[in-house]
Every structure is written in C-alpha cells, then in structure tokens.
Amino acid sequence: QVQLVESGGGLVQAGDSLNLSCAASGRTFSDYAMGWFRQAPGKEREFVAATSRSGTTSYYGDSVKGRFTISRDNAKNTVYLQMNSLTPEDTAVYYCAANPHNDIYYFPVPNQYTYWGQGTQVTVSS
C-alpha cells in the first residue's frame, strides 16, 4: 500500500503560481513513477504530468506544457507540481497518483495508476 496526501492548493488569481506537493508513505516511493491528474466539475479526469521513478524523465499534457513542472525528491518521498501562469481553465481538483510502470507509454493513462491521493482544490479567478 502507498498512501498519498496532496497539499498546496488554494485560490489564486490568473497569472499567479502555485506549488503542489504530494507526500507518500508506505511502500518504497522510488518503486513508482508518479503522476498528477486533475478533474474539473462535469469533466473527465485529465492527465497533467508524470515523472519516472528516478525523476530523470518527465511527460506533460498538452494543456500545461511550458507552464507546469513536475519534480520529485525520493529522499523526502515527495512529488511536486510547480504551476506557473495559471488561468481559470486550470481550476480543478488535482490528484497525485503512483504508477508501477516506469514507461512514458503508461504515464497518461489513469487506470495504470495503482494508488491515488484524495485531491487538492485549485481555483484560479480571472
């Protein structure tokens, strides 16, 4: 079992930045690729970003490329999502998730992730 707890969400204005964190406990953190997804009301869950077990490979959804950066610190069992130039379209609940597959082919696919956090709300006002 891996327990994931997100933090860092909140209410910001368009153009602002936020840094989300996801702390993991339980099984060995570095055994998992880590991803971020988001879900807005009435919409399907959307892939945001993912990083490999070592953090050397990252992959992003088209809507966040160039604005968001995923990183991880395996010594701290934590994955981060730095979000810059936020827009109202980024408003959603953001979830982190753990993926046993260390291949970018599987990164954007929600059902390849075994463990999920409870989510943190990000609201961007215009």
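**Close-up views of a predicted model**

**View 1. Phe37 and Tyr113 are both buried residues.** The model shown here and in the views below is predicted. Seven aromatic pairs are counted under the rule that ring centres lie within 6.5 Å. In the pair made by Phe37 and Tyr113, the ring centres are 5.0 Å apart and the planes stand at 85°, so this pair is edge-to-face. Phe37 belongs to strand S4 (residues 33–39), while Tyr113 is in the loop between strand S9 (92–99) and strand S10 (115–116), so the pair ties together parts that are 76 residues apart in sequence. Tyr113 also pairs with Trp116: here the ring centres are 5.9 Å apart and the planes are at 55°, so the pair is tilted.

**View 2. One aromatic cluster is formed by Phe37, Phe47, Tyr59, Tyr113 and Trp116.** Tyr113 has 5% relative accessibility and counts as buried. Trp116 has a relative accessible area of 27%, which makes Trp116 partly exposed. The ring of Trp116 also has a charge over it: the charged end of Arg45 sits there, 4.7 Å from the ring centre.

**View 3. Arg72 lies over the face of Phe29.** The distance to the centre of the Phe29 ring is 4.3 Å. The view can be set beside that of Trp116, where the charged end of Arg45 sits over the ring.

**View 4. Strand S1 (residues 2–7) has a covered face and an uncovered face.** Val2, Leu4 and Glu6 make up the covered face. On the uncovered face are Gln3, Val5 and Ser7. S1 runs antiparallel to strand S3 (residues 18–26), and six bridges join the two strands. Ser7 has Ser21 of S3 as its bridge partner.

**View 5. Cys22 and Cys96 form a disulfide.** A disulfide is a covalent bond between the sulfur atoms of two cysteines. Searching the whole structure gives one disulfide. The sulfur atoms of Cys22 and Cys96 are 1.9 Å apart. About the S-S bond of this pair the torsion is about 45°, so the disulfide is right-handed. Cys22 is in strand S3 and Cys96 in strand S9, 74 residues apart, and the pair thus links distant parts of the chain. Cys22 is buried, at a relative accessible area of 0%. For Cys96 the relative accessible area is 0%, and this cysteine is buried.

**View 6. Asn99 is placed in strand S9.** The relative accessibility of Asn99 is 0%, so this residue counts as buried. When neighbours within four places in sequence are left aside, Asn99 is in contact with Tyr32, Ala33, Tyr106, Phe107, Gln112 and Tyr113. Asn99 and Val109 are ten residues apart in sequence, and the distance between their C-alpha atoms is 9.6 Å.

**View 7. Asn77 and Ser85 have positive phi values.** These are residues other than glycine: phi is near 55° for Asn77 and near 50° for Ser85. Asn77 is found in the loop between strand S7 (68–73) and strand S8 (78–83). The loop between S8 and S9 holds Ser85. With a relative accessible area of 29%, Asn77 is partly exposed. Ser85 counts as partly exposed at 42% relative accessibility.

View 8. Read from the N terminus, the elements run β-β-β-β-β-β-β-β-β-β-β. The C-alpha atoms fill a box of roughly 40 × 25 × 25 Å along the principal axes. The radius of gyration is 13 Å; for a compact globule of 126 residues a value near 14 Å would be found, and the two agree. Of the 126 residues, 43% are buried. Among contacts between residues at least 6 apart in sequence, 58% join residues at least 24 apart.

Methods: Residues numbered from 1 in each chain as written. Predicted model: local features only at pLDDT ≥ 70, side-chain atom pairs only at ≥ 80, totals over all residues. Heavy atoms only, no water. Phe/Tyr/Trp six-rings, centres within 6.5 Å; stacked < 30°, edge-to-face > 60°. Helix = DSSP H or I, 4+ residues; strand = E, 2+ residues; numbered from the N terminus. Buried < 20%, exposed > 50% of the residue type's maximum accessible area, 1.4 Å probe, protein only. Lys NZ or Arg CZ within 6 Å of the ring centre and 35° of its normal. Pairing = 2+ DSSP bridges. Disulfide = S-S within 2.5 Å. Rg over C-alpha atoms; globule rule 2.2 N^0.38 Å. Contact = heavy atoms within 4.5 Å.
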